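Biologist: Could you take me through how the helices of this chain pack, with the cut-offs behind each term as you go?

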Amino acid sequence: MKEGILSPTAARALNLLGMLAMIGGLIGAYVYQFSYRELPCTLCQLQRVAMVAVAFGAAMNVTLGPSPRHYGVCLVSALFGLAVSIRQTLLHINPFFDSKTGQPTLAATSNPPFGQPVLGLHLYVWGVVLFATVILAVGIVQLFKGQFKAGVPEPAWLARLAGLGVAALLLIASLETLTTFLECGLGACPNDGGWDWWILR
């Protein structure tokens, strides 16, 4: 594998795009949440946490330079998010199963999908696609070792964009923390998809 195929600057730019993609996904989740007035369930919140963690791994690559450790943060976070997404998908894959009693049933409405579909898929299914894509992309990018060359300065334009991206990530992470507290308080988050904010009880 040639070392010069992916330069440190190009790797930083790719990580910036990845970070912005995670931020876009989180913003989309908020748009969905307030458009349909459906609060995220516990598993939904965990998937958002995984997206934030993937974005932070990419942010470290952008600001500190590409490193296998930073990619490791992305991979572990994406693997966690994938596991949670698969778990939620499997919970709702069989409509003839009563998730409250843990028993099969003849009523197809006893285990309906959670939330409204987006482009034909529910958000937890999109989570499976997203996190699997992250794992594949990070695995491929790590094959190019030229990006790990030390002492390569970050271009000024990329530094400015990276600063704006990291600021946006910190803002969305803080917003996620705040809204989760307003929804759940210090207890368990509701799992019914309603609009029952803890702060309004």
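Biologist: What kind of arrangement, roughly parallel or roughly antiparallel, do helix H1 and helix H5 have?

Modeller: In this predicted model, local features need pLDDT of at least 70 and side-chain atom pairs pLDDT 80 or more, whereas totals for chains, interfaces and linings use all residues. Residues are numbered from 1 along each chain as its sequence is written, and side-chain values use heavy atoms, without hydrogens and water. Helix H1 (residues 8-36) packs on helix H5 (residues 156-184) at an angle of about 30 degrees with the axes 10 Å apart, where axes are lines fitted to C-alpha atoms over the stretch in contact and angles run from 0 to 180 degrees between N-to-C directions. Since angles under 35 degrees count as roughly parallel and those over 145 as roughly antiparallel, the arrangement of H1 and H5 is roughly parallel.

Biologist: Which class of residue, by number, makes up the contact of H1 with H5?

Modeller: Contact means heavy atoms within 4.5 Å, and the residues involved include Leu16, Met19 and Ile23 of H1 and Leu161, Leu169 and Ile172 of H5. Ala, Val, Leu, Ile, Met, Phe, Trp, Tyr, Cys and Pro count as nonpolar, Asp, Glu, Lys and Arg as charged, and the others, Gly among them, as polar. By these classes, the contact of H1 with H5 has two charged, three polar and 16 nonpolar residues.

Biologist: How do H1 and H2 run, roughly parallel or roughly antiparallel?

Modeller: The axes of H1 and H2 come within 8 Å and cross at roughly 155 degrees. That angle makes H1 and H2 roughly antiparallel.

Biologist: In what order do the elements run?

Modeller: Helices (H or I, at least four residues) and strands (E, at least two) are DSSP runs numbered from the N terminus, and the chain has five helices and two strands. From the N terminus on, their order is α-α-α-β-β-α-α.

Note on methods: Angles under 35 degrees count as roughly parallel, over 145 as roughly antiparallel, 65 to 115 as roughly perpendicular and the rest as oblique.
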